[in-house]
Amino acid sequence: MSTLTPTTPLQGRVAVVTGASSGIGEAAAEKLASLGAHVVVLARRADRLQNLVERIAENGGTALALTADVTDPAAADRVEAELGGADLLFNNAGVMLPAPIEERAAGQWQRQIDLNVTGLMNVIGAFTPHLVRAGQERGVADLINTSSIAARNIFPNFAVYSGTKAYVTHLSRHLRTELGPKGVRVSAIEPGIVGTELQSHVTDRGAIDWLEDSKESMDWLTPQDVAETIGFLATLPPRVNLQQVTIMPTAQTA
């Protein structure tokens, strides 16, 4: 007999969330757990992951913490061994380091590429066999990648970051054509400005000033706003795949 209820539509599913120690990843892990999924939270900060797992448990959910860097794909083996594999992957880890291209901040360029592109691909490579198997056995699996409105809009000094996010969006559209026939839905979510730790990594003075000014002119999205959207995508009927979702603060014009 099915244990699914209207309030736990993800009961029986295993959801892996990368970048889960803060922001969108943390909020999404809590949301997916509240919908009944067994959540695997993956990030580098063990103390934050442990606090998250405890909070999920206090709210009646189940979660497993894996302390790992997304540039290391070995976490999939543990998920396979302990939980039989994942059928939902929220590929969310990323970093934003805007700077004028003339500064030639090669270290920042590489860090964004390593995390936003190489790390993303490592996680996809590690968990795709899980997703394909689940799609064929259950009739549905989900790969949701965090992109950004920067994938399509133009922001001075954000060229490298925007390039990495354009990669995520375009990759997701291609993967949907490969994996959709195998029961794996692929979506890219493109948020506008969200209040997370991402802004605290910014070192460019112009970008910092722009972000601070934007706080005065609009209400930024919260991580919970994006998490609600992730939950919506994951609970759609298996026949429905929203391949691209843009979520913006109401007052953000670009």
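Reader: At what angle do helix 3 and helix 4 pack?
Author: This is a predicted model. In it, helix 3 (residues 75-83) packs against helix 4 at an angle of about 35°, and their axes are 8 Å apart.

Reader: Left-handed or right-handed crossing?
Author: The crossing of helix 3 past helix 4 is left-handed.

Reader: Which residues in helix 3 and helix 4 meet there?
Author: From helix 3, Ala75, Ala76, Val79 and Glu80 take part. They meet Ala126, Phe127, His130 and Arg133 in helix 4. By class, the residues of this contact are five nonpolar, one polar and two charged.

Reader: Ok, the sheet now. What is the order of the strands?
Author: The sheet is open and has seven strands, in the order 3-2-1-4-5-6-7. The pairing is parallel.

Reader: What holds paired strands together, in general?
Author: Strands of a sheet pair through backbone hydrogen bonds.

Reader: Which strands stand at the edges?
Author: Strand 3 (62-67) and strand 7 (244-247). Each has a single partner strand, so one side of each has no neighbour in the sheet.

Reader: And the twist, what does it average?
Author: From one strand to the next, the twist averages 15°.

Reader: Pick a pair. How many bridges between strand 5 and strand 6?
Author: Six bridges, in the parallel sense, join strand 5 (residues 141-146) and strand 6 (residues 184-191). One example is alanine 141, whose bridge partner in strand 6 is valine 184.

Reader: Which strands does helix 1 lie across?
Author: Helix 1 (residues 23-34) lies across strand 1 (14-18), strand 2 (38-43), strand 4 (88-91) and strand 6. It runs at about 170° to strand 1.

Reader: Change of topic. How many cavities of 30 Å³ or more are there?
Author: Three, from a search of the whole structure. The largest cavity holds about 60 Å³ of space.

Reader: What lines the largest cavity?
Author: It has 13 lining residues, and the closest to its centre are Leu97, Ala99, Trp109, Gln112 and Val160. Helix 4 (106-138) and helix 5 (159-179) each supply at least two residues of that lining.

Reader: How many of the lining residues are charged?
Author: None: the lining of the largest cavity has ten nonpolar and three polar residues, and no charged ones.

Terms used:
Residues are numbered from 1 along each chain as its sequence is written. This is a predicted model: local features need pLDDT of at least 70, side-chain atom pairs count only at pLDDT 80 or more; totals for chains, interfaces and linings use all residues. Side-chain values use heavy atoms; hydrogens and water are left out. On a 1 Å grid over the protein atoms alone, a cavity is a set of points where a 1.4 Å probe fits but cannot get out, and a pocket is an open set with protein on both sides within 12 Å along at least five of seven lines; lining residues have an atom within 4 Å of a point. Grid points are joined across faces, edges and corners, and a volume is the space filled by probe spheres set on the points. Helices (H or I, at least four residues) and strands (E, at least two) are DSSP runs, numbered from the N terminus. Ala, Val, Leu, Ile, Met, Phe, Trp, Tyr, Cys and Pro count as nonpolar, Asp, Glu, Lys and Arg as charged, and the others, Gly among them, as polar. Axes are lines fitted to C-alpha atoms, for helices over the stretch in contact, and angles run from 0 to 180 degrees between N-to-C directions. A crossing is left-handed if the near helix is turned anticlockwise from the far one by less than a right angle, and right-handed if clockwise. Contact means heavy atoms within 4.5 Å. Two strands pair if DSSP finds at least two bridges between them.
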